[in-house]
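Open the model in your viewer and keep the selection tool at hand.

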Amino acid sequence: LVAAGLNFQYRRTPSLGLNLFTASLQADAEMGVLSLHGEGVGQFGAGDLDNGFNDVQITAFGAVVQAALNVDPWEFRIEGGFASGDGASNDTHFKTFTFDRDYNVGVMLFEQPMPTLAAAAGTDLNQGRTLEAALSGGAISNALYLRPTVGRKLLEDLSVQAGALLARTAKMPDTIVVDRKKYGMEFDLGATYTPFEHVDVGAEFGVFVPGTFYKNYTDDTYNGFSQTAFGGHISTRIHF
């Protein structure tokens, strides 16, 4: 079974004279125990932005390729992704692509602002945390990543998964002269329980080892972030 589709979108903001064209291609194939999925997106536009940049050009690309091998009770999956970056810091040609925030590949990397530090003064508003030094946010952006995972069904309604996430930048700005190409590595372990039809309960734990993107960062206040981070979450999903 092979299926493919194209999607085109055109958006215009008259007040800014901004035109944005988005084209995406998606393809899926199933060959017995092997399934393949691929999707690519390109964005092209020109005009003014509401942050004060005028006469900008937009050329950005993103793509995901997945392959899964299901040999009951095992599942082996590998995913690779790309989000274009921008090497020129002082022009109005924007090339950085950012995935939708709801597309998640890890527990911490591209999921949480990193690094998140303890606030000098904790309040109800900041909950004891500050994002003043965050170098990456909650979405895949300017990245090349690879995510292999393996899962095993323990019971009819219970399965476990283990995976790794390796990532680097697609392009570093020309103003950065030190080696800051690697985001680092994350190792995840999770479990999914389906007590009822259409209801999933999941738990996932992750360990993140920072790469040179964080380790080699310096400014007047901070001199690199190299500590290993730990995190986890529990979620419930209802789907129809």
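## Stop 1: the nonpolar patch

Select L6, F8, Y10, F21, L25, F44, F61, F82 and L144: together they form a nonpolar patch on the surface with about 880 Å² of accessible area. This is a predicted model, in which local features need pLDDT of at least 70 and side-chain atom pairs pLDDT 80 or more, while totals for chains, interfaces and linings use all residues. Residues are numbered from 1 along each chain as its sequence is written, and side-chain values use heavy atoms, without hydrogens and water.

Patch members have over 30% relative accessible area and no salt bridge; like charges are joined within 9 Å, nonpolar side chains (Val, Leu, Ile, Met, Phe, Trp, Tyr) within 5 Å. A salt bridge here is a side-chain nitrogen of Lys or Arg within 4 Å of a carboxyl oxygen of Asp or Glu. Areas come from the Shrake-Rupley method with a 1.4 Å probe; for residues, only the protein chains shown count as cover.

Which strand gives the most to the patch? Strand 1 does, with three residues. Now pick F8, in strand 1. F8 is exposed, at 53% relative accessible area (buried is under 20%, exposed over 50%, partly exposed in between; 1.4 Å probe, protein chains only).

## Stop 2

Show strand 1 (2-13) and strand 2 (18-31). Strands (E, at least two residues) and helices (H or I, at least four) are DSSP runs numbered from the N terminus. The two strands run antiparallel, joined by 12 bridges; pairing takes at least two DSSP bridges. Find L6 opposite L25. In this hairpin, four residues lie between the strands, and G17 takes a positive phi near 65 degrees.

A23 stands opposite G42. The turn of this hairpin has two residues between the strands, and G32 there has a positive phi of about 70 degrees.

## Stop 3: the rings

How many aromatic pairs does the whole structure hold? The search finds 13. Phe, Tyr and Trp (six-membered ring) pair with centres within 6.5 Å; planes under 30 degrees apart are stacked, over 60 edge-to-face, the rest tilted.

Select F99 and Y103: a tilted pair, 5.7 Å centre to centre, 55 degrees between planes. F99 is buried at 10%; Y103 is partly exposed at 27%.

Next, F213 and Y214. Their centres are 5.2 Å apart and their planes at 85 degrees, so the pair is edge-to-face. Both are buried.

Finish on R180, over the face of F213 at 4.6 Å from the ring centre (the criterion: NZ of Lys or CZ of Arg within 6 Å of the centre and within 35 degrees of the ring normal).
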